[in-house]
Amino acid sequence: MSRVLIAFGGYGGEWSGAERMAWKTAEHLAVHGHTGAVLTDSLPPQPPDAGPWPRITDPREFGRPDVVHAFDLARPKQVAVALSTATDLGCPFVLTPATAVELWPDPELGRAACRAAAAVYVLTRAEADNVVAAGADPAAIRYVPQAPHLDGTVDPSGLRARFAGATGTVLFLSRRTAFKGYPVLLAAAPLVRRSRPGTAFWLAGPGADGPATSAADGLHDFGVVDATVKHELLAAADVLCLPSTSDVYPLVFVEAWACGTPVVSGPFQGAREVVRHGVDGLVVDAEPGALAEALVGLLADEPRRRAMGAAGRRRVGRENTWAQVAAAVAAGYPTESARLPVSGGER
């Protein structure tokens, strides 16, 4: 088994998808007997999910690892520290970019990290093409699945009773940025409500790129939510809508499917690898009219929505578990002792 140093940056609040992926990967590597530490300024896990590895702020606290694993090129500071640590100690460096290339704030560092990585963990073929173009060795590419992190079981009936729309409920759950499609969703909402006046739009997540919201317009702003409320929202909504134009593989899609909720996605590169169009969701242009048309059609067809949600739930149970993520990650570590049996998740 290996000594693993995982490094990634925090976002200063509720975990991002990349933070969650890093913490949960560490948790499941520990289950398989690996030891390690987590180098991060991210908020640590809370009981009962407290992480099995110590959270450190200086790599010298850990000593020499067998492998240094950096996550998330949207937070380049920790990736730079991880790369420097691996170079100084003469140990292998591996990378999970976790963020679309066009959103890397330090493209030069991103390219250097891709070139240096003995393994680069990607979620789609589109992401693989992009990181190879950024300098990664094609032989270093390793595919890993995405997996949900939902706490316990929830009863969404209370949320539905208080906030659900009479003609449907659409959930946006993400950072409220332009590249996640938040302004497009706000522009599409009144178009949807012309056809289905009782439709409610639930908004949750940090940031506020867009106009102020109003319950009178069918918009209910939940702000930044904790893990329990997030789970309730995903279980209670009719559709999760994230019309993103720059993404890799939104974790919230897998979490929606785990709740039996279909998704409507924007056309980010690789979106049709992530969403099986017409099976577990829809991929549409990030334009208000096209988005509104897709939402109206889906909200009006309950059997179709239920079938898509059920297909997503089956897919998650078959392909998207944290045990599969950790096994695929460990199989890519450049030491024989790190290898674990891989059950699913590879391509």
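Trainee: Which residues touch the most other members of the largest nonpolar core?

Mentor: A nonpolar core is a set of buried Ala, Val, Leu, Ile, Met, Phe, Trp, Tyr and Cys residues joined through side-chain atoms within 4.5 Å; buried means under 20% relative accessible area, with a 1.4 Å probe and protein chains only. Here the largest such core has 82 residues, and Phe-253 and Leu-295 touch the most other members. This is a predicted model, where local features need pLDDT of at least 70, side-chain atom pairs count only at pLDDT 80 or more, and totals for chains, interfaces and linings use all residues. Residues are numbered from 1 along each chain as its sequence is written, and side-chain values use heavy atoms, leaving out hydrogens and water.

Trainee: How many residues of α1 are buried?

Mentor: Helices are DSSP runs of H or I with at least four residues, numbered from the N terminus. Helix α1 covers residues 17-31, and 11 of its 15 residues are buried, among them Trp-23 and Leu-29. After α1 comes Gly-33, with a positive phi near 100°.

Trainee: How many aromatic pairs does the structure hold?

Mentor: Rings of Phe, Tyr and Trp (its six-membered ring) pair if their centres lie within 6.5 Å; planes over 60 degrees apart count as edge-to-face, under 30 as stacked and the rest as tilted. The structure holds 7 such pairs. Phe-8 and Trp-23 are edge-to-face, at 5.5 Å centre to centre and 85° between the planes. Phe-8 is in strand β1 (residues 3-8) and Trp-23 in helix α1, 15 residues apart. Phe-8 is buried at 1% relative accessible area, and Trp-23 is buried at 5%.

Conventions: Buried means under 20% relative accessible area, exposed over 50%, partly exposed in between (1.4 Å probe, protein chains only). Helices (H or I, at least four residues) and strands (E, at least two) are DSSP runs, numbered from the N terminus. The expected span of a helix is 1.5 Å times one less than its number of residues.
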